[in-house]
Amino acid sequence: MSSLQRCLPWLILLLVLRGGGGGTAVAAAAARKVPAIIVFGDSSVDTGNNNFIPTIARSNFWPYGLDFADGHPTGRFSNGRLATDFISEAFGLPASIPAYLDTTLTIDDLAAGVSFASASTGLDNATAGILSVITMAEQLDYFREYKLRLKLAKGDARGEEIIREALYIWSIGTNDFIENYYNLPERRMQYTAAEYEAYLLGLAESSIRAVHALGGRKMDFTGLTPMGCLPAERMGNRGDPGQCNEEYNAVARSFNAKLQQAVVPKLNKELPSLHLVYADTYDVLDAVVRKPSDYGFENAERGCCGTGMFEAGYFCSLSTSLLCTNPDKYVFFDAIHPTERMYNMLADKVMNTTLHVFL
């Protein structure tokens, strides 16, 4: 049994999971309640879509995936599974979520879960344009195509049921700030940080409305993590080299507060039968980064790959001689993305938010 399953918040469910063959029954019940996990977002939830588009924002090579199943790199930016994979498993669904653009898969392979996410993308189309990846609008177009394929394969009634009862997860927004707003001049010339937050929140609202219009009802929008504490942002922190960029963290907290206090209640009130929840992963990652030893980690300042300070993507493949010996001791696998163990902890947090609503 995974640590995620052991940490589910409802005691009665936990007891059933631990007893006899009850775990199978609970998993089956969960799968009936949530027949599929459908994911939109960036590299935090991209399970391999970027493998199939012309971009350098890829991770389908070693050492990525070294702890995934047979050690095969899948396009996940981690040593193993992502938070959404653990969430899928906890709902009694497959232990890994497939990428929509994987040409080896059929619609039957995608019926219990699919990711439309694309590494290096954002809510802002301009963010996706930096490395020529899949925009949020294109992800929504793929979802429309998916719905049609699903109904053709499963029949109208079953297809509509899967769309209606599926859990939709968004994990996106970090790249809009660290790749776009703070790294390039165009958006900073157009918007203050607060104005850009409002712009992004409007785009988030539009994407939620689009999925609702297509039949989605159970949704989880994950807030930003403390992006100023990513190893790459520590390295690039000119004001206080090696330390968390607290300006970036303040922006993440502000974005999260507006998402939670304004967007989520507004949409739940306005959209019929919508169950939208906000999942706060900021606090758990912040706590681990501040005191890693309290959580069994030895290093939260550098990634496992290379020097751990700037390597991500192809730079990781060029620095394998410096690869750490035990990723489980590291909070981050590369200079931007968490290890599988940290993703498992983030999944726990999301499940603690969503389980009572959707199960």
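What is the handedness of the link of Cys229 and Cys244?

Analyst: The model is a predicted one. The link of Cys229 and Cys244 is right-handed, with 115° about the S-S bond. Buried here means under 20% relative accessible area. Cys229, with a relative accessible area of 1%, is therefore buried, and Cys244 also counts as buried, at 8% relative accessibility.

This bond is one of three disulfides that the structure holds. Another is formed by Cys304 and Cys324, whose sulfur atoms are 2.0 Å apart. This pair links distant parts of the chain: Cys304 is in the loop between strand E6 (299-303) and helix H15, Cys324 is in the loop between H15 and strand E7, and the two are 20 residues apart. With -90° about the S-S bond, the link of Cys304 and Cys324 is left-handed. Cys304 counts as buried at 1% relative accessibility, and Cys324 counts as buried at 12%.

Cys305 and Cys316 also form a disulfide, with their sulfur atoms 2.4 Å apart. Cys305 lies in the loop between E6 and H15, whereas Cys316 lies in helix H15 itself, so the pair ties together parts that are eleven residues apart in sequence. Cys305 is buried, with a relative accessible area of 0%, and the value for Cys316, likewise buried, is 0%. When the bonded cysteines of the chain are numbered in sequence order, the pairing reads 1-2, 3-6, 4-5.

At 70% relative accessibility, Leu318 counts as exposed. Together with Met235, Phe310 and Phe315, Leu318 makes a nonpolar surface patch of about 460 Å².

Note on methods
Residues are numbered from 1 along each chain as its sequence is written. This is a predicted model: local features need pLDDT of at least 70, side-chain atom pairs count only at pLDDT 80 or more; totals for chains, interfaces and linings use all residues. Side-chain values use heavy atoms; hydrogens and water are left out. Patches are made of residues with over 30% relative accessible area and no salt bridge: like charges are joined within 9 Å, nonpolar side chains (Val, Leu, Ile, Met, Phe, Trp, Tyr) within 5 Å. Accessible areas come from the Shrake-Rupley method with a 1.4 Å probe; for residues, only the protein chains shown count as cover. A salt bridge is a side-chain nitrogen of Lys or Arg within 4 Å of a carboxyl oxygen of Asp or Glu. Buried means under 20% relative accessible area, exposed over 50%, partly exposed in between (1.4 Å probe, protein chains only). A disulfide is a pair of cysteine sulfur atoms within 2.5 Å. Helices (H or I, at least four residues) and strands (E, at least two) are DSSP runs, numbered from the N terminus.
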